[in-house]
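Morning, everyone. Today I want to walk through the pockets and the ligand site of one model. Have a look at the structure first.

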Amino acid sequence: MKTWMVALVIALCMAGCQSPTPNTVDNPTRIAIEVDSADPERLLRFYFGGYGSESGQDPFEAGLVTKEGGSYYLDLAQFTAAVPTLAAQLEGRSEMDDDAIQAFWQATYYEARSIPPSLEAFLRVEADSSIEWFEVEVQGVMTQARRRIRVPAEAIRAALFAYKEAGEHLLYPVGTTFIGEHLEADTVLETTVMRKRGDGLWDFATYDASGSLVPATAARPRALKSPTQCVGCHFGTRMFEPEKSFPGEASPGPHGPREFHVPMALRNSTITRFFDEHRKRSDTILGLYATLFVAERIVQRSEGTLSANDAALLDTLGL
Ligand code: HEC
């Protein structure tokens, strides 16, 4: 055998030895995933970025998901290593269409993210009584009930101090928690929460009236699956009422009023335009927290009750 032939045989053998197990129908090494979304990569980053990494990671960089010729693939060996307990649910599959992958996410996301089974456990950090909360009540699209939403004021301040640097976007610190309670009279019917992960995306969860983790809201007129439907709206571009008409009043929706329960003094059109918060939804946050928080600080300034720190904040924003 000629030397070049020997070299060729060795080269072919080495290439053969290094290539991964072939992807066959009987023994798939990866799953072709079809996602119906204007931005499938963002959805894949959200879901698979959270599987196997507590803080969240880029699943493309981690090799968990790959893109080839416009199609996306989930690597089964990587997935099994990352979340062994869920791998069995993918056994024998070589492709998943949008319905199948959404059903898989809906069934496994809480477990993959280790979302605590009780609201009390989820809100352990937020139980600290020294936290100053910013609170707003609204009747909007998520439920016919009145929603009381809370977020630590410090998280809004951090987003505002960084607003200009972030290219006029409101980006909340990692770990920020939004709590949205659905209220009938003063009874809490259920609680929806979002908490920002280390990779900049947010976990979504729903707890029922007794504080147990549940796979959907019981909200009227329609229950919302958690997290798959949450993501549908929060990652989307659709404008909702009453945010869209603010600072004007919104017309009632088909199931009741769409309304912000805030004093007239907080309906500040200059500040609303300044942030354009609902349309920009910079951090997949849809409400008007920075708008209302700043409008409230402007009222405090005119009343002479503004703190020095918040005066500095308004200065930073040039307001
Ligand atoms: C129909 C669209 C829609 C769906 C579905 C939806 N949301 Fe929202 N969400 C909104 C809008 C609009 C707001 C702001 C006004 C409000 O709170 O009603 C909001 C606000 C929130 C907030 C407060 C932070 C923010 O973005 O303003 C949390 C927390 C939240 N939603 C959690 C969830 C969870 C959990 C689910 C899934 C069970 C969910 N949402 C499903 C539209 C939606």
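One definition before we start: the domain bounds I use come from an automatic or database domain assignment. And keep in mind that this is a predicted model.

With those bounds, take the second largest pocket. Where does it lie? Domain 1, residues 22-113, gives residues to its lining, and so does domain 2, residues 120-317; so the pocket lies between the two domains. It holds about 400 Å³ of space. Its lining has 18 residues, and nearest the centre are Ser37, Val231, Gly232, Phe235 and Gly236. Three helices each supply at least two lining residues: α2 (40-50), α5 (98-113) and α8. The largest share is from α8, with 4 residues. By class, that lining splits into 5 nonpolar, 8 polar and 5 charged residues.

Now the largest pocket. Its space is about 890 Å³. There are 43 lining residues, with Val141, Met142, Leu224, Cys233 and His234 nearest the centre. Elements giving two or more residues to this lining are the strands β5 (133-139), β6, β7 (177-184), β8 and β9, plus the helix α8. Again α8 gives the largest share, here 5 residues. The classes are 23 nonpolar, 14 polar and 6 charged.

Two or more shell residues come from each of β6 (146-152), β8 (187-196), β9 (202-208) and α8 (228-234). Of these, α8 gives the most to the shell, with 4 residues.

Who is around the ligand? There are 25 residues, and Met142, Cys230, Cys233, His234 and Tyr289 come nearest. The shell counts 16 nonpolar, 7 polar and 2 charged residues.

Which residue has a polar side-chain atom 2.5 Å from a ligand oxygen? That is Tyr289. The backbone takes part too. A backbone N or O atom of Leu286 is 2.8 Å from an oxygen atom of the ligand. For Gly287, a polar backbone atom is 2.8 Å from a ligand oxygen.

To recap: α8 gives the largest share to the lining of the largest pocket, the largest share to the lining of the second largest pocket, and the most residues to the ligand shell. Thanks, happy to take comments.

How values were computed
Residues are numbered from 1 along each chain as its sequence is written. This is a predicted model: local features need pLDDT of at least 70, side-chain atom pairs count only at pLDDT 80 or more; totals for chains, interfaces and linings use all residues. Side-chain values use heavy atoms; hydrogens and water are left out. A residue is near a molecule or strand if one of its heavy atoms lies within 4 Å of it. A polar contact is a pair of N or O atoms within 3.5 Å; within protein, one must be able to donate a hydrogen and the other to accept it, and residues adjacent in sequence count only if both atoms are side-chain atoms. Ala, Val, Leu, Ile, Met, Phe, Trp, Tyr, Cys and Pro count as nonpolar, Asp, Glu, Lys and Arg as charged, and the others, Gly among them, as polar. On a 1 Å grid over the protein atoms alone, a cavity is a set of points where a 1.4 Å probe fits but cannot get out, and a pocket is an open set with protein on both sides within 12 Å along at least five of seven lines; lining residues have an atom within 4 Å of a point. Grid points are joined across faces, edges and corners, and a volume is the space filled by probe spheres set on the points.
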